[in-house]
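Trainee: Could we go through this fold together, one piece at a time?
Mentor: Happy to, let's have it on screen.

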Amino acid sequence: MKKLLCSALAVAVASLVLTGCGGDSKQIIRLSHSQIETHPDHIGALAFKQVVESKLGDQFEVQIFPNATLGSNEKVVELIKQGSVQYLVVSTANLESFDKLYSLFSIPYLFTSEAAFNKFISDPKVLEQLGVNSKTDGFTPVTAYTAGTRNFYSKTPIRTVADIQGKKFRVQAGPVNVAMMQAFGGAATPMSFGEVYSALQQSVIDGAENNELALTDQKHGEICKYYTYDLHQMCPDLLIASNTFLDKLTPEQRAVFDEAAAASQKAEFDAWNKAVADAKQKATEMGVEFITVDVNEFRNKVLPLHEQLLAETPALKPLYDAATAANNAQ
């Protein structure tokens with residue numbers, strides 16, 4: 001039934017792409033993301049739209065679909081591969097099942113600072129390496145957005161690793177995240193992001209892990225009053241494009257779409273910095289306490305995972321080495 005529904009949606013969206021809007025000859029470009037319309041990802045999408053339509057407005061119209069209105073990220077990736085949707089903003093964690101290279105960012109404590117992380121994801125060579133399998137993946141990463149640092153937040157304070165032990169935390173799906181929680185002595189509970197609030201409310205889980213925006217945008221700060229800066233992951237959101245769409249562009253058109261992707265990255269980065277500052281202020285007013293901890297205590301618990309993960313996926317090594325170099329450069 002799920003496959004049937006997904007196929008039906010693909011057909012419906014594909015028909016809309018062909019007919020366009022109001023019978024004109026413009027091609028409709030659909031850009032999907034799962035965030036609310038004040039989120040930095042949406043600000044980046046608006047910048048993308050502005051560049052494309054200002055330079056190719058006679059040929060293309062960019063329509064943005066926020067709040068996962070076209071379906072979950074995993075389902076929209078399938079539509080991207082089919083060419084029914086042209087662009088998607090998606091976490092690297094959601095791409096791991098399609099290509100193991102994207103699991104790089106799930107490695108806990110891959111980066112030693114947010115500055116190193118931002119430099120790494122802004123490097124065009126890194127994007128090329130991530131997209132080395134794009135022909136078989138069916139999509140190409142065209143730019144990366146920062147999503148800050150992922151940290152634990154919960155109903156009870158986390159000041160040491162011992163405070164995690166025996167607790168249940170929502171994590172993003174994936175074996176790396178489960179292994180990380182086991183190393184900390186906690187229990188991993190993968191679930192959809194939209195289900196987290198009610199799970200916290202009903203004590204199905206004791207806490208979750210994400211950036212500061214989750215406290216305010218998703219109102220998790222109403223329930224979890226402690227946010228701990230353990231800095232265990234830094235995972236970007238990627239703007240990926242359908243190969244079916246990209247392959248039909250002329251070189252001149254592709255240059256404009258690439259320019260739009262670069263403009264969207266700058267807009268998202270700027271919006272992110274402001275959004276985090278605003279979220280921290282609002283969360284503090286909600287009664288959330290921000291806790292600084294000895295990051296090395298947490299890092300040392302999971303460092304053995306690095307060798308294990310590299311052994312399981314040797315193709316990660318060049319990107320892992322590049323991340324290490326970015327750390328050393330700071």
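This is a predicted model: local features need pLDDT of at least 70, side-chain atom pairs count only at pLDDT 80 or more; totals for chains, interfaces and linings use all residues.

Trainee: Which strands stand at the edges of the open sheet?
Mentor: Start with the order, which runs β7-β6-β8-β5-β9-β11 across 6 strands with mixed pairing. A strand at the edge has a single partner, so one side of it is left without a neighbour in the sheet. Here that describes β7 (187-188) and β11 (289-292).

Trainee: And what is the bridge partner of R150 in β9?
Mentor: Strand β5 covers residues 150-154 and β9 covers residues 226-233, and the two run antiparallel. They are joined by 4 bridges. In β9, R150 is partnered with Q233.

Trainee: How do the axes of α4 and α14 cross, and is α4 oblique or parallel to α14?
Mentor: The axes of α4 (residues 114-121) and α14 (residues 317-329) come within 8 Å and cross at roughly 130 degrees. Over 145 degrees would count as roughly antiparallel, and 65 to 115 as roughly perpendicular. That angle therefore makes α4, relative to α14, oblique.

Trainee: How many nonpolar residues does the contact of α4 with α14 have?
Mentor: From α4 come A116, K119 and F120, while α14 brings L319, A322, A323, A326, N327 and A329. By class, there is 1 charged and 1 polar residue, and the nonpolar count is 7.

Trainee: Which residue follows α7, with a positive phi?
Mentor: Helix α7 (residues 175-184) has V176, N177, A179, M180, M181 and F184 buried. Their cover includes β5, β6, β7, β9, α12 and α13. After the helix, phi is near 90 degrees at G185.

How values were computed
Residues are numbered from 1 along each chain as its sequence is written. Side-chain values use heavy atoms; hydrogens and water are left out. Two strands pair if DSSP finds at least two bridges between them. Axes are lines fitted to C-alpha atoms, for helices over the stretch in contact, and angles run from 0 to 180 degrees between N-to-C directions. Angles under 35 degrees count as roughly parallel, over 145 as roughly antiparallel, 65 to 115 as roughly perpendicular and the rest as oblique. Contact means heavy atoms within 4.5 Å. Ala, Val, Leu, Ile, Met, Phe, Trp, Tyr, Cys and Pro count as nonpolar, Asp, Glu, Lys and Arg as charged, and the others, Gly among them, as polar. Buried means under 20% relative accessible area, exposed over 50%, partly exposed in between (1.4 Å probe, protein chains only).
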